[in-house]
Amino acid sequence: MSIQNSILQATDLSLGYKKGSRSNVIADHISFSLEKGKLTCLLGPNGVGKSTLIKTIMGQIPALKNQVYLDKKPTNSISIKDLSKKIAVVLTEKINSANLTVKQVVSLGRIPHTGWLGNLSVEDQQKIDKAIQSTHINYIEDRPMNELSDGQLQKVMIARALAQNCEILILDEPTAHLDLINRFEIMHLLRDIAKNENKAVLVVTHDLDIAIDTADEFWLMQCGLPLVCGSPEDLILQGKIDLLLPNDRLHFDKSDGKVRDSAEFQYPHIDGPEDMVKWVKLALRKNDIGPEINSITIKTEGIQIGFYLSESTDILKFDTITSLINHLTTLGYTRKK
Amino acid sequence: MKNKPTYFLFLIGILICLLLFAVNLASGSVLIPIQEVMGRFIGGEFSKSSWETIVIGYRIPKAFTAILAGIGLSLSGLQMQTFFRNPLAGPYVLGVSSGAGLGVALLIMAGSAFGWSMYSGGFGIWAVVLSATLGSILVLLLMSLTAWKVKDSMTLLIVGLMFGSAVSALISVLSYFSGADQLKMFTIWSMGSLGSTQPDQLVAFLVSVLLGLLPLLVNLKSFNAMLLGEAYAESMGVNVHRLRWAMIVSTGILAGSVTAFCGPIAFIGIAVPHMARLVFKTGDHRVLFPASALIGAAVLLACDTISQLPGSAQTLPINAVTSLVGAPMVIWLILRRNFSKEF
């Protein structure tokens with residue numbers, strides 16, 4: 001970790017809400033250092049206090065113990081006006097207005113930098129154009145907000161945050177409700193922003209797969225445990241990524257980065273190319289078909305794939321996994337739960 | 001964000017306003033030919049001297065009252081709609097005008113006990129303005145507290161209606177216990193009229209409207225940030241707490257003083273901002289505020305002209321005319337399914 005790139009730090013932070021003299025601690029022992037030029041993903045189950053951490057960083061609620069430091073100054077000593085020039089956010093709130101065009105929404109990002117009337121200078125215009133460029137939304141810049149898809153909408157909100165021209169960008173679940181392609185696109189866009197513009201980008205997300213592929217740094221939050229920070233690769237090898245899983249029933253498969261059922265499962269003997277065996281195994285596991293059947297052989301014949309099931313007397317051929325599984329279930333191989 | 005069509009629309013708006021102003025001066029129980037009114041504008045003289053008295057002494061103050069009231073009501077409506085993020089907010093619907101009424105009722109009923117009269121002149125009118133403003137602010141404070149807890153626009157609206165009813169009930173209770181003179185004074189006030197403003201009161205009205213505009217002008221930019229909601233506004237450096245107070249004070253003074261001078265006037269506050277959004281097709285408050293002011297002035301001038309029933313000696317109450325024009329407009333807005341999107 002390079003000290004000079006660190007922009008936001010906290011040591012042993014306690015988060016929560018104060019109600020009168022009682023304080024309701026949501027999470028404690030939170031220590032972190034957010035770095036410029038890196039994409040950081042904050043992961044954790046629902047209700048663990050991710051939003052509270054974000055609100056504390058944004059200075060909207062005070063920390064119960066210790067403070068968040070921005071450029072060596074505690075954030076709650078910085079006025080919200082100055083803070084708005086340092087931290088830009090993308091929230092989960094949906095903006096749906098027929099009377100605002102994409103460009104107008106992006107222009108709103110310049111509010112902290114303009115005079116009382118909010119008139120845009122040449123520099124402001126350049127920042128707006130650049131934000132629109134780097135999020136690739138030029139083609140929709142004159143459309144009203146209510147005509148956009150969810151993916152486009154999210155990109156507009158990211159552009160608005162970019163136009164605010166802050167060193168820190170915080171996004172609260174920017175990929176929720178998006179389809180797979182858009183999730184990839186948004187996360188790669190955020191990675192590009194962190195790299196190309198040397199910004200500290202902090203993303204709250206539940207997409208473990210995509211986060212592993214794109215993030216430089218993980219912050220893992222789990223109830224009652226201190227915040228775990230580190231690169232996703234290290235956390236996987238150290239087994240710390242399992243912190244995200246609530247119980248022993250699931251485990252994180254280090255070989256391919258997927259969450260799996262922990263229970264041991266006995267497969268029948270399967271012959272064939274490894275990448276095909278994998279999918280047959282998956283189908284068998286889902287249908288709970290164990291080793292009591294004889295062996296299965298997979299063969300490729302030109303563009304066709306054949307699945308051969310050797311039974312006591314003869315060998316049956318199937319064209320698809322579905323027909324193979326259907327045959328086995330009718331024979332009663334599936335174990336009833 | 002301003003462009004050529006916007007300036008063009010403003011120019012047309014100003015021309016329409018001037019035309020309506022002239023028509024308003026010409027119509028009434030005595031019809032004055034419009035070319036005579038136009039001629040007087042550019043320095044000519046009326047062919048009958050009595051027309052001079054009618055126009056200068058009565059119709060011009062009335063027309064200016066209509067303009068000021070139109071501006072005040074539409075601007076308070078626009079602020080409330082943006083702040084509560086509720087397309088159905090407005091001073092009349094959410095009970096702010098009733099709050100002003102309660103203030104005036106308390107003043108009249110209690111004041112007369114000390115030998116004060118609304119028509120005693122001098123300080124009198126300021127007392128009415130002040131009590132109406134305080135009454136409005138009281139209701140607005142209750143509304144903001146509710147809006148804090150309740151984000152749903154329909155719930156907020158229903159609560160607003162209940163506030164309005166509760167305040168009206170309080171006024172009824174006060175009337176029940178008050179003497180005949182005070183009751184008469186209050187009833188006449190509450191029927192509302194644009195024509196009862198004396199020239200010296202007009203100055204007081206102008207001063208109050210300008211005072212009410214101040215908090216709004218200071219926070220023009222913040223209202224744009226509020227289009228994205230409180231959390232985004234705060235992340236862009238807007239002090240939402242301070243803006244809430246600015247909105248309450250500005251709306252309180254604007255709606256309060258209009259109600260003090262003209263009585264409760266319905267539907268201008270809620271309908272005009274929507275007309276401005278429809279005509280100017282923007283959400284930018286730097287355009288919407290002047291546009292709403294312009295349209296508000298024009299609409300109230302037009303409503304006042306209609307209430308004169310041109311050609312007859314009869315006059316309709318202004319509140320009846322604005323309701324007849326405004327209610328169908330609001331119903332139409334609600335029936336359009338994409339209502340929340342138009343906002």
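Helix H3(B) is mostly covered, with 25 of its 35 residues buried (a residue is buried if 20 or more other C-beta atoms lie within 10 Å of its own, exposed if 12 or fewer, and partly exposed in between, with C-beta atoms placed from the backbone). The model is predicted, so local features need pLDDT of at least 70 and side-chain atom pairs count only at pLDDT 80 or more, while totals for chains, interfaces and linings use all residues. Residues are numbered from 1 along each chain as its sequence is written, and chains are lettered from A and ligands numbered from 1 in the order in which they are written.

H3(B) spans residues 49–83 and reaches 50 Å from its first C-alpha to its last, close to the 51 Å expected at 1.5 Å a residue (the expected span is 1.5 Å times one less than the number of residues). Helices (H or I, at least four residues) and strands (E, at least two) are DSSP runs, numbered from the N terminus. A kink of about 40 degrees lies at Arg59(B), shortly before the proline Pro61(B); the bend at a residue is the angle between axes fitted to the seven residues ending there and the seven starting there. Just after H3(B), Arg85(B) takes a positive phi of about 50 degrees.

Turning to the interface, 25 residues of chain A are in contact with 24 residues of chain B, contact meaning that C-beta atoms, placed from the backbone, lie within 7 Å. Helix H2 (80–83), strand S6 (87–90) and helix H3 (102–108) of chain A each supply at least two residues of the side that touches chain B. By class, this side of chain A has 13 nonpolar, 10 polar and two charged residues (Ala, Val, Leu, Ile, Met, Phe, Trp, Tyr, Cys and Pro count as nonpolar, Asp, Glu, Lys and Arg as charged, and the others, Gly among them, as polar).

Within chain A, the axes of helices H4 (residues 122–134) and H5 (residues 150–163) come within 8 Å and cross at roughly 140 degrees; axes are lines fitted to C-alpha atoms, for helices over the stretch in contact, and angles run from 0 to 180 degrees between N-to-C directions. Lys127(A), Ile128(A), Ala131(A), Ile132(A) and Ser134(A) of H4(A) meet Ala159(A), Leu162(A) and Ala163(A) of H5(A). The contact has six nonpolar, one polar and one charged residues.

The loop between H4 and H5 of chain A holds His136(A), a non-glycine residue with a positive phi of about 55 degrees. His136(A) counts as exposed because it has 12 C-beta neighbours inside 10 Å.

Technical notes: Two residues are in contact if their C-beta atoms, placed from the backbone, lie within 7 Å.
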